[in-house]
Amino acid sequence: MIQDSVDKKKRAIIYFFSGTGNTALVAALYKKYFSDYEVELFQVKMVDKKYVDFPSPDSFDLVGIAYPIHGFNAPKVMNDFTKLLPPQNGKNAFVFKTSGEGLGLNNYSSQKIIRRLEKKGYRFLCERHYVMPYNMIFRHTPEMVKSEWIYANALVRLNVQEIQSEKREIVHKSVLAAWFVPIVRIEWLYAKAQGPFMKVNMKKCIRCMKCVKNCPLTNIAFENGAFKFGTNCALCVCCSFGCPTKAISIGLLNGWRINGSYQIEKTASDTSISFPAFGENLRGLKRILYYKYYRRADKALEAGGIPLSLQ
């Protein structure tokens, strides 16, 4: 008699928020590399300031939370989303996040989320941070993009192995970060105030409505021939980053605006682009932003026996 339960895989769900797509790409890597779990990905979105219905974690064996770091913190939309998750009795959970730089202060962005999950009875396993191309501040070069994706690919493979072995770890602790990072959460308030300052240059606009359709918080409307930005902005810059004519101004942060897809997977597979980009030749600001992060990654991958490749 064949027992179906022998071959039946466990189930995992990853709840993720993604504006310009970086976190969604990394979530897809997790789905690709999990072998012990069938993985469902769910993108957290809002309509009329209410969260879109989401699958309950009750029917899953493992829960992941993922988001892009905003100002050394999780976006408020994801912090608040975790409040809606029902309690669990010892269910394993993990967190990962993405950002455009490898600064150590990014390590402390999940403290509120992790504490909340633990209070709800989740068995927290680990947290991981993946450097991906900036969607604000400055545009990453093709060499940087290729390195970031190849490293993210390898680091996800390593983390999946650790999660499947149910390895637990204590997340980063720092008195300084515990004091500083919460202060930067003023960005949550600024995001709400930012919306009305965003503008569309109607001379450049081609009325493609990508900004309206793609806003994950449905914060943009087109009414009576004009765009209106509400107060539910997350500063994900999906609208300005994806605008085909660079018609959208993001208010006080417009000097940091960048535009257009990096075509990350295509860039990473281009053999004419050099690799790696974050070696000993790094100087100035880039050394501060990336050098230590990638040297730690090198050590972790070597210890785990994971090669730097896209396979």
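Me: Before we start, when do two strands count as paired here, and what is a strand?
Reply: Two strands pair if DSSP finds at least two bridges between them, and strands (E, at least two residues) and helices (H or I, at least four residues) are DSSP runs, numbered from the N terminus. This is a predicted model, in which local features need pLDDT of at least 70, side-chain atom pairs count only at pLDDT 80 or more, and totals for chains, interfaces and linings use all residues. Residues are numbered from 1 along each chain as its sequence is written, and side-chain values use heavy atoms, with hydrogens and water left out.

Me: Ok, which residue in β6 is the bridge partner of P68?
Reply: The partner of P68 is T98, and β5 and strand β6 (residues 92-99) pair in the parallel sense over 7 bridges.

Me: And how many bridges join β1 to β5?
Reply: Strand β1 (residues 10-16) runs parallel to β5 and is joined to it by 5 bridges, with F16 partnered by A66.

Me: Is β5 buried or exposed?
Reply: Strand β5 (residues 62-68) is largely enclosed by the rest of the structure, because 7 of its 7 residues are buried, where buried means under 20% relative accessible area, exposed over 50%, and partly exposed in between (1.4 Å probe, protein chains only). L62, G64, A66 and P68 lie on one side, and V63, I65 and Y67 on the other.

Me: Switching topic, how many disulfides are there?
Reply: A search of the whole structure finds 0 disulfides, a disulfide being a pair of cysteine sulfur atoms within 2.5 Å. For C205, the nearest cysteine sulfur is that of C208, 6.5 Å away.
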